[in-house]
Amino acid sequence: QVQPGESGGGLAQAGGSLSVSCADSGRTFGIYAMGWFRQAPGKEREFVAGISWNGGRTYYADPVKGRFTISRENGKNTVYLQMNSLKPEDTAVYYCAATAQFLGGPLARYNYWGRGTQVTVSS
């Protein structure tokens, strides 16, 4: 089982960078695929990026391809999202989540969720 918790986030200017991380307080992090989601004010939650259980496969939503990078360090029970070339439309609460489906991706069922961290990008 996993208990994700996000950290990082904050304020950035358009074109700048931020990194968020998600640490798991459970003991089985290495067998879960992980995903990042975001929810902007007045909008539905959307998939941003995902990574398989061993880091061998990654997935990105079209709006962030080429700008965001997801990675994980299973020895540290942590998944990261590096966000470059930020745009105001990236402003949202970012959530990490875990799925027992090893490959992960946007169609997987994510059973465990963090509480989110705010990312705000100014124009």
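**View A. Aspartate 90 and arginine 38 form a salt bridge between their side chains, 3.0 Å from N to O.** Aspartate 90 sits in the loop between strand 8 and strand 9, and arginine 38 sits in strand 4, so the pair ties together parts 52 residues apart in sequence. The model is predicted. Aspartate 90 counts as buried because its relative accessibility is 1%. Arginine 38 also counts as buried, at 6% relative accessibility. Side chains of opposite charge can pair when their charged atoms come close.

**View B. Arg38, Glu46, Arg67 and Asp90 are linked in a network of salt bridges.** The side chains of arginine 67 and aspartate 90 meet at 2.8 Å, N to O. Arginine 67 belongs to the loop between strand 6 (58-60) and strand 7, and aspartate 90 to the loop between strand 8 and strand 9, so this pair joins parts 23 residues apart in sequence. Arginine 67 has a relative accessible area of 10% and is therefore buried. Arginine 38 meets glutamate 46 in a salt bridge of 2.7 Å, N to O. Glutamate 46 is partly exposed, with a relative accessible area of 29%. The structure's salt bridges come to five.

**View C. The largest nonpolar core holds 26 residues.** Trp36, Leu81, Met83 and Tyr94 have the most contacts inside this core. Seven strands each supply at least two of its residues: strand 3 (18-24), strand 4 (33-39), strand 5 (46-51), strand 7 (68-73), strand 8 (78-83), strand 9 (92-99) and strand 11 (117-122). Strand 9 gives the largest share, four residues. In soluble globular proteins, nonpolar side chains tend to be buried together.

**View D. Leucine 81 lies in strand 8.** Its relative accessibility is 0%, so leucine 81 counts as buried. Beyond four places in sequence, leucine 81 is in contact with Leu18, Ser19, Val20, Trp36, Val48, Ala49, Phe68, Thr69, Ile70 and Tyr94. Take alanine 49 from that list. Leucine 81 and alanine 49 are 32 residues apart in sequence, yet their C-alpha atoms are 8.2 Å apart in space.

**View E. Methionine 83 is among the residues with the most contacts inside the largest nonpolar core.** Leaving out residues up to four places away in sequence, methionine 83 touches Gly16, Ser17, Leu18, Val20, Arg67, Phe68, Tyr94 and Val119. One of these, Arg67, also takes part in the salt-bridge network with Arg38, Glu46 and Asp90. Another, Tyr94, has a contact with leucine 81 as well.

**View F. Cysteine 22 and cysteine 96 form a disulfide.** The structure holds one disulfide. The sulfur atoms are 1.9 Å apart. The link is right-handed, with 55 degrees about the S-S bond. Cysteine 22 is in strand 3 and cysteine 96 in strand 9, so the pair links distant parts of the chain, 74 residues apart. Both cysteines are buried.

**View G. Ile31, Trp53 and Phe102 make a nonpolar surface patch of about 300 Å².** Isoleucine 31 is in the loop between strand 3 and strand 4. At 45% relative accessibility, isoleucine 31 counts as partly exposed. Leucine 81, by contrast, is buried at 0%.

Methods: Residues numbered from 1 in each chain as written. Predicted model: local features only at pLDDT ≥ 70, side-chain atom pairs only at ≥ 80, totals over all residues. Heavy atoms only, no water. Core = buried A, V, L, I, M, F, W, Y, C linked by side-chain atoms within 4.5 Å. Buried < 20%, exposed > 50% of the residue type's maximum accessible area, 1.4 Å probe, protein only. Contact = heavy atoms within 4.5 Å. Disulfide = S-S within 2.5 Å. Patch = residues over 30% accessible without salt bridge, like charges linked within 9 Å, V, L, I, M, F, W, Y side chains within 5 Å. Areas by Shrake-Rupley, 256 points an atom, 1.4 Å probe, with all protein chains shown as cover. Salt bridge = Lys/Arg side-chain N within 4 Å of Asp/Glu carboxyl O.
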